[in-house]
Structures are given as C-alpha cells and as structure tokens.
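Dear colleague,

I am passing on the structure we spoke about, for your files. My notes on what was found follow below it.

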Amino acid sequence: MQDNRNCNSCEPVLNALLKKAKEDKVETVWDRARAMQPQCGFGEMGVCCTNCSMGPCRIVKISPDGPKKGICGATEDIIAARNLARSIAAGAAAHSDHGRDMAEALLDSVEQKRPVKDKEKLKFLAEEWGIETSNGGIEELAAKVAKTALEEFGKPFGHLRFIERAPKKRKEIWEKLNVIPRAIDRDVVEVLHSTHMGCDADYRNIMNSAVRAALSDGWGGSMIGTELSDILFGTPVPHEVEANLGVLKKDSVNIVIHGHEPTLSEAMVIAVNDPEMLEIAKSQGAESINLVGMCCTGNEISMRHSVPMAGNFFQQELAIITGAVEAMVVDVQCIMPSLTQVSKCYHTKLITTSRKAKIPGAIHMEFDDKKPVECAKRIVQEAILNFKNRTGNILIPEEKSKGKVGYSLEAIIKILDGVTNTFAHPSGTVKPLADAIKSGVVRGAAAIVGCNNHRVPYDECHVELAKELIKNDVLVVTTGCGAHACIKSGLMSDDTVKLAGKGLATACSLLKIPPVLHMGSCVDISRILKLVSMVANYMDVDIKDLPVAAAAPEWMSEKALSIGTYAVASGIYVVLGVSPQITGSENLTKYLTSDMENVYGGKFDIEPDPVKAARKILNHIENKRKLLQI
Ligand code: SF4
Ligand code: MSK
C-alpha cells in the first residue's frame, strides 16, 4: 500500500487531520489498508471462485503442484473472466439504477407539479427520441420522456435509443460483434446468468456479455442519468467554486452531503436556504448553515449551485475528523461503512437516506421523492440541533482553492460557438475544437476519471497526470473524484494556462477556459462520450481514429470497471493506474490489454506511474495523429 501523499494541495490537509485522527484514536482507511497487508494473492489475481457451494476454489499459480482447475473444472481464464464480468455488471447496475431514479424523479416532478429547469433540453431529447413535441404542455412532454426513459431498462425488443448518438462506423463494429445493448436490465441480467456456475466457459464470450452490459451503462443508464438530471435541475454552466476541507466554517452548522444522486442534494440546497431553517440555526448560536458536497454529489451540486466541494472519496472520514461537521448526509455509492465508527468519536450525525443503502449505527431518515423539500428540511433541522453538541476538539484546515466547474457539453459547445459565430446545428458546432486538434495547436484530449485507492499515491496520480498532459498540449476533461483532485490542486483556475503548452495555452486563453475542464460526476462521463462522438462525426471518422485517450489513475470501484470497459468498447485507449484482478489469467490479461484493440480499436493499459502513463497517452495521441495524417 502507498502511504505517500505528495500532492501539494492535499498534503497539509492530510498530515494535519491524520495527526488529529491518531490523537483522537480514530482509525482511517489508511490504517485499515496497512492492517490488510499482505492482501490475498488469489483475490488479487482474480483466480478465487465462490460461484457455487462446491467452492471456494482457487487456482494456484506460484507452484506447479497446486490445483489448476476449480472443482467443476473451471480454468483460470473462466474464473478470472467471470469475476471481472460480474464486477462490470455491478458497476453498470449502480450507474444505471441512478439513471432509473432520475427518470422516476422526472415522473414524480410532473405528478407533484414541480417545473423542470431545462425545457429546451427536454424538447431536444423528446425530438431525438421521436416523441411528438407540438401537442400538450411541458408537463405532458416530461412525462412522456420519463416513461420512454424507463422503458429503456426493460423493453423486450430493439436496442438502446442513445446508441444512435454513436458514429456510424462504431455502430457497425458493435453490430458485427453482436454487443449492441438492447435493454439495460436485460444486459446486466445476462452477465449474471452467463457467469452462473456451469454456463459460459469461453472467456472471450464472457467478455462480450460484459461489454454489452458496460455499453448499456455508458450509452444507456449513465446517459439517461445525465440528460434527465440536466432537464430536472438545470444544465450546468461554468462558474467558480471553492474546494477542499477548508470550505468548512467554524461558526456555522456544517452539513456534508455525500453520495451520487442529485435528487436529495437539490432538495438540501433548497432546505438550507429556507429562512425558517436559518432562524433555527441562529437560535442555536450558529451564524449560518454551510452545505458542502463530497464525491459525486459534490460534483453535482457544485456544477448547478456553486456549493463548495469538500473533497473526494478519501476525504470522507477526514471531514468528520475535523470535529466541525454536524451531519454527514449520504444516499448511495462510495460511502465507507466506517463512517459510523468515525462519527461516533465526534458529535457528527451520520444520516442515511436511501432504502438501498442503510448503515447500522447511522440515523436513517428515508428520502421521499414525493416530498423532497420536507424530507430535506427534517434532515437539516436534525443537523442544526446538533450544533450545540460540538466539543472544542475542532481542526478545520485552512487549505481551500478556487476553480471553474460546470463544463457541460452544452456549455463547451456554446463557448466554441462563440469563437466561430456559426450555429451550424441546433445543438451547436464542435468545429473550433476539431480545427484546433487538426491544426495541431491542441494535440488531442484526454479524460481523467475515477476514484482514490490506497495502492497509489493519493490525488497525486490524478494531478501529476493532468499536469504532464496539459504541458504537452493535451486538453484534459475530468469527472468524479479525479475532478476533486484537480480542483483542489488549483488546476481548474484560469491561471493554470501557465502550466499548459504554448498551443493549448493559446487556445484556452482565446476561449477563456482552464486547460482542465470539470465535466461533472461519474455518470457524466456520458457527456464525454457525446462530445467525442460529435467530434468524430464532424471529422467523419470513428471514435477510435481520434487523438483521444482516457485514464483512471486511482480507480477502485466496480463502476470504474464498467466505465473503462465501455470506453474501450467505444474505441478509446484507457490507462488504469491500478490493475484489475485479472493477472491470474494470461489469456484474459492479453485480451484486455492487446486483443481488444484489434476488435474494438480501444484497449486497456496498466501504468501506476502518472508520468509514464502520460508518456503512453502522448504516444498514443501522436500515433493517431499520424494515422489521420494531421
Ligand atoms: Fe469451484 Fe466451479 Fe463452483 Fe467456482 S463454480 S466455486 S470453480 S466448483
Ligand atoms: S464518487 S465511483 S469514488 S470517482 Fe463517483 Fe469517486 Fe469513484 Fe465513487
């Protein structure tokens, strides 16, 4: 495990709060990672199987005498591929269920007569899906769009609607390989079926099912999540926010909202701004109510409401350790179960809100989509009444930085339109971006996404990779916890252009954008898919031909595996900083890191060192440029 915390922005915060944790006798993720060493070799290589009760079975790689097959005869290839496919399906399920919740929230908003924020986007989507837009009002249209979105999860025939956004050549590849996603739930279920004991025994075929499920995430569930969130709560526009744990306030009621789905956090924004709530807070001796966001919820509400970004995955325990958090309010995904133990050492109330994610020891206040603001007010009140229970044991780090967030696809296109003044298409043009890439002023683009992981230096991998890429004239777009790392280190401020190469710096100065663009939460990687598709269509090539790449330098979640898989299957070169648990199967490892390129045009690579990872991405980009003869 890595104890190294070299990122300039996070090091002082970490050092101070880990010291405090030690003094307060609080265990953190780093302590548990240390205690876990050495980690199980079978698990690390992906060759342990528990798919039936004849097992567990494990393949012994290090000695010639150990078992080379499971009790049923499953080989290392089968076991490793089945394990990986199930993880990808779980990641696709998590993202897609988030998308389904947004569709249900849209339907609820119609029933509750709550207006949608982006009516234009609603109309665009309705038109795209062939829904009649001239009859009836906005509410009727919203209901039709929500129902059509919900049908994408279980329709018995056809394929996913958003597949039509992909370039023609990409769709032909998917069709030839028979991996076109049909219905989101069906594709996830098929992975679970085919990886059941005694079913699919061909690792390549297992991976085909996994690819289909992953594509149903990227071009299905995640895309629905992003589009409907924008319709419901507004499409983000660029603006400045503050980031890092220094955003907590000493004299205010601090509420950290953590997780993923924007329904809860949007209601929390309304609740904390309610004058009645402020009055109660003042009656308890607080100056104000300070709502801050963590992980992807942090991305969602910073993009739409300028709510400060308190930090990423590895900062969730540290936020409570400050001793200044009255409530940590969580919904789904990436919430460490350890938060109950950490919060017990302080006065913090951990409040769970989703029936899908209860944590023993937390207070459960179930969020009701039909009464969002009422629920949020009850939660806020619970936090306010906890202000008086603060002890003097408080340490709020001084560190905070500023940066620009909110680069939705629509915002990027509007900026580009501003340069050309060409409204060639109702949804705008990507011509200036394509021209900048073609001319070589900008060499290419790379997405930096994903989590934190104790196996690599915290935040440093995101930040160093981003710096290397922009230095070499590669535009960086980022989401999820990678976005938090970049904003904390100042990479999203306008003056970051001084770190960029000459070409990229010139383009960014002209467009008045930082060279590292915040594009949102994990589901918002669908924004990136749409952007690369538009550029590919504009240049009349496939995504695989573009000088673009992606990296997940500190990934840990099954969702990241699904993202990586749909990116590779969409033709993108993806560098992982942490190896998936596959190395026990040479065949599967070779398939993912080499053979996939022959069929999909994209492949995985594994490189923990961010500078070496940048070099690989730069080489890939230059190769693609050569092939395009640009
Ligand atoms: Fe063992 Fe086969 Fe059962 Fe897996 S499915 S636990 S390899 S017997
Ligand atoms: S929150 S999936 S730790 S990016 Fe989306 Fe961060 Fe990874 Fe969760």
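The protein has 24 helices and 16 strands. Please keep in mind that this is a predicted model.

Overall form

Along the principal axes, the C-alpha atoms of the protein fill a box of roughly 65 × 65 × 50 Å. The radius of gyration is 24 Å, which agrees with the value near 25 Å that a compact globule of 630 residues would have. As for burial, 62% of the 630 residues of the protein count as buried.

The second largest pocket

Helix 4 gives the most, with 3 residues.

Sorted by class, the lining of the second largest pocket has 14 nonpolar residues, 12 polar ones and 4 charged ones. Two domains take part in the lining: domain 1 (73-235 + 406-630) and domain 2 (245-389) each supply at least three residues.

Cysteines

How many disulfides does the structure hold? The count is 0. Two cysteines were looked at for accessibility. Cys52 has a relative accessibility of 27%, so it counts as partly exposed, the class between the 20% and 50% cut-offs. Cys57, in contrast, counts as buried because its relative accessibility is 14%, which is under 20%.

Phe157

Is Phe157 buried or exposed? Its relative accessibility is 70%, and therefore Phe157 counts as exposed, the cut-off for that class being over 50%. Phe157 sits in the loop between helix 6 (138-154) and helix 7 (168-177). Arg182 lies 25 residues from Phe157 in sequence, while the C-alpha atoms of Phe157 and Arg182 are 7.3 Å apart in space.

Regards

Definitions and conventions:
Residues numbered from 1 in each chain as written. Chains lettered and ligands numbered in written order. Predicted model: local features only at pLDDT ≥ 70, side-chain atom pairs only at ≥ 80, totals over all residues. Heavy atoms only, no water. Disulfide = S-S within 2.5 Å. Buried < 20%, exposed > 50% of the residue type's maximum accessible area, 1.4 Å probe, protein only. Helix = DSSP H or I, 4+ residues; strand = E, 2+ residues; numbered from the N terminus. Nonpolar A, V, L, I, M, F, W, Y, C, P; charged D, E, K, R; others polar. Domains from an automatic or database assignment. Rg over C-alpha atoms; globule rule 2.2 N^0.38 Å.
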